[in-house]
Amino acid sequence: MLAGLEQGACGELWNLTHPERVLEIQRNYAAAGADCLITNTFGANLFMLKRHSHADDLRAINREAARIARVAFNGGPGFVLGDIGPVGGVLEPYGELRVDDVRGALREQAEALVEGGVDGIILETQTALEELGAGLEAARAAGAPFVIASLAYDRSLDGTFFKTMMGVSPEQAAEFAEQRGADVIALNCGTGMDMEAAVQIISVYRSACNLFTMAQPNAGLPVLENLKAVYKQTPEQMVRKLPQLLAAGANIVGSCCGSTPEHTRAIRRVVNQLNHSGGLRSP
């Protein structure tokens, strides 16, 4: 949005129409110390692209996104994660979307990302096990080298537990992801999903399964200003509880809503300090 995307426009189409702007954003994160870059393909599945009348560009959008992210590392080491977000509807039996249709659409996107050369697939901001399962199957069928299952949780009103919008608990998600062949169980986004909340969920993940773990908390809690959600947590504030997150067992750390390359830079600094001091065990 800060780079000029209009409200409601198709950001994924920028991989074809404004690749230089996408590359600049990706390079900013790589320069800040990111080891992994997520492709600009969150909504680049058949269902979402149809809403923007760009379904025919699906494979080109995904392949180009993978290329851009790779270029952003400037020939240096780094992992490109092909991003697959929600399809934007509810699957049967709760909704009208057929599981087979969703599985086919996700496989088409995953195949395009793999063709583009991604190192792995991340199924991001998932809320329902039915869709997560379809995504895991599609990613494996497409030949993804490894797959990350990342769910979005909301904190309960009394702050005592977390569930996805579709009622999935972290325990259920971890057990399901492990049974369905995910390599990493992750969290990103959600109501109240700050660094402190991430510590709690990673702890649950580690007790519920044997998968590697990943956390992308938001930059604090948003406030409403001029009818827009604004995140005011500074990079320094965000990383105060990063040592606790790593101690809880997070193998991969990043950030989600409201974060910037400066948040990534702060995360990189703390991780480096802990690695140098011997404060982190090898994953």
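Start at helix α11: what covers its buried residues includes α2 (19-31), α9 (235-238), α10 (242-248) and β11. Contact here means heavy atoms within 4.5 Å. Helices (H or I, at least four residues) and strands (E, at least two) are DSSP runs, numbered from the N terminus. The model is a predicted one, where local features need pLDDT of at least 70, side-chain atom pairs count only at pLDDT 80 or more, and totals for chains, interfaces and linings use all residues. Residues are numbered from 1 along each chain as its sequence is written, and side-chain values use heavy atoms, with hydrogens and water left out.

**Helix α11**

Select residues 261-277 and colour the buried ones: Pro 261, His 263, Thr 264, Ala 266, Ile 267, Val 270, Val 271 and Leu 274. Buried means under 20% relative accessible area, exposed over 50%, and partly exposed in between (1.4 Å probe, protein chains only). From first C-alpha to last, the 17 residues of α11 reach 24 Å, close to the 24 Å expected at 1.5 Å a residue. The expected span is 1.5 Å times one less than the number of residues. After the helix comes Gly 278, whose phi is positive, near 80°.

Now pick Ala 266, which counts as buried because its relative accessibility is 2%. Leaving aside residues up to four places away in sequence, Ala 266 touches Pro 235 and Val 239. Glu 236 is 30 residues from Ala 266 in sequence, yet their C-alpha atoms are 6.7 Å apart.

**The sheet**

Next, show the 7 strands of the open sheet, in the order β1-β2-β3-β4-β7-β8-β11, with parallel pairing. At the edges stand β1 (36-38) and β11 (252-253), each with a single partner strand, so one side of each has no neighbour in the sheet. Two strands pair if DSSP finds at least two bridges between them. Zoom in on β7 (residues 184-188) and β8 (residues 212-216), which pair in the parallel sense over 5 bridges. Asn 188 is opposite Gln 216 in β8.

**Helix α8**

Select residues 195-208. The end C-alpha atoms of this 14-residue helix are 20 Å apart, which agrees with the 20 Å it should span at 1.5 Å a residue. Its buried residues are Met 195, Ala 197, Ala 198, Val 199, Ile 201, Ile 202 and Tyr 205.
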